[in-house]
Amino acid sequence: MISFVLSLVALVIGYMLYGRFVERVFGPDDRVTPAVAKADGVDFIVLPNWKIFMIQFLNIAGTGPIFGAIMGAKFGPAAYLWIVFGCIFAGAVHDYLSGMLSMRHDGAGQPELIGHYLGQPTKKVMLVFSVFLLMMVGAVFVYSPALILGKMCSDGLTWVYIWCGIIFVYYIIATMLPIDKIIGKIYPLFAISMLFMAVALMAVLFYKWPSLPELYNGLGGEGFTTPIFPALFITIACGAISGFHATQTPLMARCVKSEKMGRPMFYGAMITEGLVALIWATVSMYFFYGGAAQELNQPLTLQAPEVVTVVSEGWLGTFGGLLALLGVVAAPITSGDTALRSARLIIAEFIHLEQKTIMKRIWICIPLFGATLLLLFYNIENPDGFNVIWSYFGWANQTLAVFTLWAITVYLVRAKKAFWVTMLPALFMTVVCSTFIMISPNAFGFNMNVGYVVGAASLLVAVVWFCIWYRKTNMNIH
């Protein structure tokens with residue numbers, strides 16, 4: 001528990017100190033924001049600051065800081081270090097600067113920003129990459145809650161299909177309607193519920209004060225042989241750094257009235273997500289290594305959604321069970337609808353189609369939802385469909401963060417600002433993603449040595465490329 005407490009304190013201090021430093025690096029001012037300059041009553045709307053924070057938190061969180069932290073806790077106390085350092089120096093920086101850059105570019109989406117700073121060919125690749133990633137999120141986050149709700153109604157697949165249809169209809173409505181009609185009303189309530197559940201579980205942890213693996217006893221998990229690098233850094237994405245967030249921050253960048261609110265909205269929401277991830281990582285270490293599984297009479301082989309349900313019901317009673325249901329059902333649904341909303345806006349931005357007119361929203365949504373339905377059908381019909389899609393999502397998610405960090409680095413260099421704040425995490429995540437794709441059984445499937453060699457080579461190439469580009473850029477500036 002000592003490592004947990006120190007990690008909590010570190011995150012708070014990170015927000016107050018490093019978050020303020022990154023804010024000074026960017027330099028927010030009093031210019032008119034897109035929410036005011038481009039107000040259209042659909043996607044560009046000024047919302048109250050507290051509501052923006054809650055929506056942003058739920059947009060980027062969903063079940064990510066819960067499921068990822070539960071799976072990542074098997075790596076042992078190393079999960080604490082990644083959540084703390086990843087969140088403060090990578091994830092929150094990534095979210096804050098991508099959100100602020102979106103505001104500076106009239107609410108531009110992530111592919112548009114990448115194209116502006118890394119070139120049009122990269123923009124086209126990232127457009128396809130981002131939209132496909134967002135459709136995967138939509139498909140996965142229809143099926144997983146539908147499966148849970150369907151099993152509550154009956155053992156057959158009939159109710160699963162019915163719930164898939166109900167959730168999909170909700171997706172269509174939420175994606176099409178103005179952001180303040182559904183998302184702006186129900187998201188803050190779900191966010192408050194998720195935060196309440198996290199705080200309640202933290203209170204139980206402090207009350208029980210279990211004996212847990214500590215950082216000073218070693219980084220690895222007991223009996224867990226999967227190598228920490230690079231698997232931990234892919235497993236725990238939300239709560240440390242996640243490229244998916246760069247597709248979500250523009251949604252709220254279009255609703256912020258003042259640039260000076262960016263730090264609490266973007267950097268602060270990510271730190272809050274890190275706090276939630278820390279709590280669930282600690283709960284899970286207690287479950288896997290501290291004896292909670294035996295106390296609750298449960299096997300150690302439970303999957304992440306089952307751990308959420310068992311722990312919440314066992315520690316918080318009936319009310320905890322309801323909160324758990326909210327976490328494993330409502331949270332993924334809210335991630336899915338904003339993912340498809342982001343996809344609609346990214347496509348509209350690319351083809352220069354305004355979205356104030358409902359028919360023009362429909363023109364984009366028809367093929368978008370059609371493609372998502374195909375992915376959903378594959379998810380349902382293939383017994384291993386969920387795992388296959390999710391494994392590709394994990395790598396694609398972090399790869400998206402790599403491109404976003406490099407795009408921000410280019411901006412900071414051109415603006416003569418402290419570019420190292422994004423260059424260092426960009427280099428680290430470049431190595432993580434290039435190594436992981438080499439060793440992943442769903443990709444190349446090479447052994448660890450090959451993965452490490454490729455990772456080292458990617459680091460060398462990235463450093464050389466950056467140094468050459470930096471020199472040319474400085475000569476052009478001068």
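## Basis

The model is predicted: local features need pLDDT of at least 70, side-chain atom pairs count only at pLDDT 80 or more, and totals for chains, interfaces and linings use all residues. Residues are numbered from 1 along each chain as its sequence is written, and side-chain values use heavy atoms, with hydrogens and water left out.

## The second largest pocket

The second largest pocket holds about 360 Å³ of space. A pocket here is an open set of points on a 1 Å grid over the protein atoms alone, where a 1.4 Å probe fits, with protein on both sides within 12 Å along at least five of seven lines. The volume is the space filled by probe spheres set on the points, which are joined across faces, edges and corners.

Its lining has 17 residues. Lining residues have an atom within 4 Å of a point. Lys38, Phe44, Ala348, Glu349 and Leu353 lie nearest the centre of the pocket. Helix H14 (residues 304–351) gives the largest share of the lining, three residues. Helices are DSSP runs (H or I, at least four residues), numbered from the N terminus.

By class, the lining has eight charged, five nonpolar and four polar residues. Asp, Glu, Lys and Arg count as charged; Ala, Val, Leu, Ile, Met, Phe, Trp, Tyr, Cys and Pro as nonpolar; the others, Gly among them, as polar.

## Salt bridges

Side chains of opposite charge can pair when their charged atoms come close. The whole structure has ten salt bridges, each a side-chain nitrogen of Lys or Arg within 4 Å of a carboxyl oxygen of Asp or Glu.

One of them joins aspartate 30 to lysine 260, with the closest N and O atoms 3.2 Å apart. This pair links distant parts of the chain, 230 residues apart. Aspartate 30 sits in the loop between helix H1 (2–26) and helix H2 (34–37), and lysine 260 in the loop between helix H11 (244–253) and helix H12 (262–289). Aspartate 30 is exposed at 63% relative accessibility; lysine 260 is partly exposed at 44%. Buried means under 20% relative accessible area, exposed over 50%, and partly exposed in between (1.4 Å probe, protein chains only).

## Further pairs and a network

Lysine 360 pairs with glutamate 354 at 3.3 Å between the closest N and O atoms. Lysine 360 is partly exposed at 25%, and glutamate 354 is partly exposed at 34%. Elsewhere, shared partners join Asp29, Arg31, Arg104 and Glu259 into one salt-bridge network.

Within that network, arginine 31 meets aspartate 29 at 2.8 Å, N to O. Arginine 31 is partly exposed, at 42%. Aspartate 29 is partly exposed too, at 24%.

Note on methods: Helices (H or I, at least four residues) and strands (E, at least two) are DSSP runs, numbered from the N terminus.
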